[in-house]
Amino acid sequence: MEKRFYTMAPEENRDKLTEIARLIRIDILKMLNRAGSGHTGGSLSAVEILTALYFSRMRYDPKRPRWEDRDRFILSKGHAAPALYATLARAGYFPREELMSLRKLGSRLQGHPDMKTTPGVEVSTGSLGQGLSMANGMALAARLDGKKSRVYVLMGDGEQQEGQIWEAAMTSSHYKIDNLCGFVDRNGLQIDGPTKEIMDIDPLVNKWKAFGWHVSAIDGHSFTEIFSALDEAETVKRMPSIIIASTVKGKGVSIFENKVKYHGVAPTDEELKIALSELGEGD
Amino acid sequence: MRRHSLAEIEFKKYLGTRDVYGDTLALLGEKYHDIVVLDADLSGSTKTSVFAKKFPSRFFNMGVSEQDLMGTAAGFAAGGKIPFASTFAIFATGKAWEQIRQSIAYPSLNVKIVATHGGITVGEDGGSHQTTEDISLMRILPTMTVVVPADGIETRKALEAIVLHKGPVYMRLSRLKFPVIFDDSYAFRIGKGSIVREGRDVTVFACGYMLAPALRAREMLRENGVQAQVVNISTIKPIDEDLILSCAKVTQSIVTAEEHSIIGGLGSAVAEVISEKHPVPLRRIGVRDRFGTSGSAEELVQYFGLTPEAIAKAALEVIHMKQNTSGSESR
C-alpha cells in the first residue's frame, strides 16, 4: 500500500519540491497549449501550494483515491484545474500522458474539476464560491466518523467576492471545524482587472479574523513559509485556519506574470516556446 | 394498471406531510447511522427539529444560509453520509438553485432535499414565500429525482424509499395537513404513479395537494354521468410514462392538477409525454403564470382556481374536445 506521508522538510526536500514545482509548471503550460483554452495565470500562481500539499503534507493513496483515512483537497477556484491535474498525475493518480486530453470531448480531464471522471478530484467545482461549503461538509463528516483526516481548500481572491464564501466561513467557525485549513491564492488579479479596482476585498486578513478564523499571511511561493503556516494551522484547536498566500498570477514565466490578460487564455505555440525557454526542460 | 386497497375517501383523517417527515426522519435516523440532517433556521417549521432533538450531533443548523446549506450537504455526501437538507421550498430551490445544480446534481451526489411549504397554500406570508416554480426548477436538472407525495402515508413511504435511492432527490411537502388517502398497504415506488380511482371517460393526473380535490371532482363528474379516472403521479421525475400512456389510450382525454405553475411542472411533464407519444386533448389545472399573494390557504386555492370545480370543468372541456375531434380515434 503506497501511502505518501513526508515528515517536515529538511533542505534537500525543499530543492526536490522546487524541482517538482518547475516540472508541474511545464506540464500545465503544455496541456493548456494542447487544449487551446483554459486558465493559465491562476493555475501557475497555485503551484507551490499544491506541490507542498501533495508532495510533503497530505496523506493519500493514489491507488485508492477513496481511501477513507485520506486527507482531502478541494480546489474551490476550479478554473485552476490544470494545476490540480498536473499535480495529481505526478502524484500517481493517472498517467501523465493523459494531461494532453484536457478539455477534449470524452476526456477524463474536464475543463473544471469533475469528481465523476477524474481520480483524485474530491468534489466538482468551477462555479466560484462553493468549495468552502463542501469542504466544511467533508470535514464534519470525517469528524463524525472519528477520522483524523484534514481537509484543505484552495480559494481564489476574486472568489472572496462570492457571498457563499462568507456563509461557509461562518459555518467553519461556528462548528469549530479545526480539521480544515483554507488557502487564498491572492494573486491580486481577476478577469476584468485587479481585484482592488473591480471589487476591493480588503481588509482580507481582518475579515477572516472577524469571522473567527486563525489567519496567517505568507508568500505563496515560499515553501518555508507555506510549511510554517501549515504547521501553525495544525496546532490550532477549535477554530478553522486560513493561509492568505500572496502570489503572482502567471508565476514562473515572465510574459505571463501579473498580466490580467492571461486569466482565461491558454499559451499560443510561440508563448509556450518562450515559457519553456525560461522554465527549462521537462521530463 | 396497478391496483391497491384504499382508505375510504371521506377525508376523516388529516396528517401534516411535514409532521410525518419530522417523525419519519427521526426513525430513519435510528436505522441508518449515516443520515445527517441540515436546516436553515426553519427546523421548527420543517420539523427537522424532531431529528435534531434525538440526534443532536448529527444535526446541523446552517442559519439563514441556504446556499451554504446545499453546499455543506454536498460535502457531507461526498464524505459518505446521507444528508437530508431542509428549508422552505422557495428558498431551497430558488436561492440555492445553482448550488443544487453545480454541487449536487452535476456530480450526482446523494443529497435528499426535502422542502416544506411548497405552493400557494403557504398562505398569509404571501408571494415571496409561495413557490409555484419549485417542481419545474428541480425537474429540469439531470440526475434529479422529484417526488411530490399526496398524503402523510405516501410521505412516510416515499422517505423510506429515497433513503435507499442512490442519487439526488427533491421532495416537496406542504405547510398544510392533507387528508389521508392511502393506507398502509400502499406500495410506493419511485417512478411509479398509481390509479386511485378507475374511470373510462377522462383521466385526471394529480400530485400533492391536488389529489384530494381531484377525488372530489370525480364525485361531481359522476353526478354528470362522467366516469373520471384519478391517478396520483407522485414522482414527477422520472415520470411514469407507461402509466400515463396506458391511461390516455383508454380515456383519450386528460386533465392535470398541481399546486404549481402550469408552466414546467406536472402538467408540462405529462404534456411532453402525451404530445410525443399519444396526442389527446389535455388541460392543465394549476397557477396560471402568476405569483402568489397573501390570504388564507382556503381563500387562495379558490383565488387561484385550484379547486374540484376547476378540475371538473376542465374534464368536461377535454371530453368535449375529444368528441369534436372524433373519427376513428374517439370512443
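Guide: Let's start with helix 9 of chain B, whose buried residues pack against strand 8 (177–179), strand 9 (194–197), strand 10 (202–206), strand 11 (228–232), strand 13 (254–261) and helix 13 (308–324) of chain B. Keep in mind that this is a predicted model.

Visitor: Which residues of helix 9 of chain B are buried?

Guide: They are B:Leu211, B:Ala212, B:Pro213, B:Ala214, B:Leu215, B:Ala217, B:Arg218 and B:Leu221.

Visitor: What about helix 8 of chain B, mostly covered or mostly open?

Guide: Mostly covered, with 10 of its 13 residues buried. Among them are B:Ile153, B:Glu154, B:Arg156, B:Lys157, B:Leu159 and B:Val163. Helix 8 runs over residues 152–164 and reaches 19 Å end to end by C-alpha, again close to the 18 Å expected.

Visitor: Switching to the two chains. How many residues does each one put into the contact?

Guide: Chain A gives 20 residues and chain B gives 21. On the chain A side, the elements giving two or more residues are helix 5 and helix 6 (163–174). Helix 5 gives the most, with 9 residues. By class, the chain A side divides into 9 nonpolar, 8 polar and 3 charged residues.

Visitor: At what angle do helix 5 of chain A and helix 4 of chain B cross?

Guide: Roughly 45°, and the axes of helix 5 (residues 131–144) of chain A and helix 4 (residues 66–78) of chain B come within 6 Å. The two helices are therefore oblique to each other, and their crossing is right-handed.

Visitor: Which residues make that contact?

Guide: From helix 5 of chain A, they include A:Ser133, A:Met134, A:Gly137, A:Leu140 and A:Ala141, and from helix 4 of chain B, they include B:Asp68, B:Gly71, B:Ala74, B:Gly75 and B:Phe76. By class, this helix pair has 9 nonpolar, 6 polar and 1 charged residues in contact.

Visitor: Now inside one chain. How do helix 10 and helix 11 of chain B cross?

Guide: Helix 10 (residues 241–251) and helix 11 (residues 266–277) of chain B have axes that come within 10 Å and cross at roughly 60°. They are therefore oblique, and the crossing is right-handed. B:Glu241, B:Ile244, B:Leu245 and B:Ala248 of helix 10 meet B:Val270, B:Val273, B:Ile274 and B:Lys277 of helix 11. That contact has 6 nonpolar, no polar and 2 charged residues.

Visitor: And helix 3 with helix 9 in chain A, what's the crossing there?

Guide: Those axes, for residues 47–56 and 223–235 of chain A, come within 10 Å and cross at roughly 55°. This crossing of helix 3 and helix 9 of chain A is right-handed. A:Glu48, A:Ile49 and A:Ala52 in helix 3 meet A:Phe223, A:Ile226 and A:Phe227 in helix 9. By class, there are 5 nonpolar, no polar and 1 charged residues.

Visitor: Let me pick a single residue. Is B:Phe84 buried or exposed?

Guide: B:Phe84 is buried, with 29 other C-beta atoms within 10 Å. It sits in strand 4 (residues 82–86) of chain B. Beyond its neighbours within four places in sequence, B:Phe84 contacts B:Leu25, B:Ile35, B:Val37, B:Lys112 and B:Val114. B:Val114 is 30 residues away in sequence and 6.7 Å away in space, C-alpha to C-alpha.

Visitor: Last topic, the backbone. Where are there cis peptide bonds?

Guide: One joins A:Asp202 and A:Pro203, with omega about 0°. A:Pro203 is in the loop between helix 7 (195–199) and helix 8 (204–210) of chain A. Another runs from B:Lys237 to B:Pro238, with omega near -5°.

Visitor: What is phi at B:Thr143 and at B:Gln252?

Guide: B:Thr143 has phi near 75°, and B:Gln252 has phi near 60°. For context, most residues other than glycine have a negative phi.

Conventions:
Residues are numbered from 1 along each chain as its sequence is written. Chains are lettered from A and ligands numbered from 1 in the order in which they are written. This is a predicted model: local features need pLDDT of at least 70, side-chain atom pairs count only at pLDDT 80 or more; totals for chains, interfaces and linings use all residues. Axes are lines fitted to C-alpha atoms, for helices over the stretch in contact, and angles run from 0 to 180 degrees between N-to-C directions. Helices (H or I, at least four residues) and strands (E, at least two) are DSSP runs, numbered from the N terminus. Angles under 35 degrees count as roughly parallel, over 145 as roughly antiparallel, 65 to 115 as roughly perpendicular and the rest as oblique. A crossing is left-handed if the near helix is turned anticlockwise from the far one by less than a right angle, and right-handed if clockwise. Two residues are in contact if their C-beta atoms, placed from the backbone, lie within 7 Å. Ala, Val, Leu, Ile, Met, Phe, Trp, Tyr, Cys and Pro count as nonpolar, Asp, Glu, Lys and Arg as charged, and the others, Gly among them, as polar. The expected span of a helix is 1.5 Å times one less than its number of residues. A residue is buried if 20 or more other C-beta atoms lie within 10 Å of its own, exposed if 12 or fewer, and partly exposed in between; C-beta atoms are placed from the backbone.
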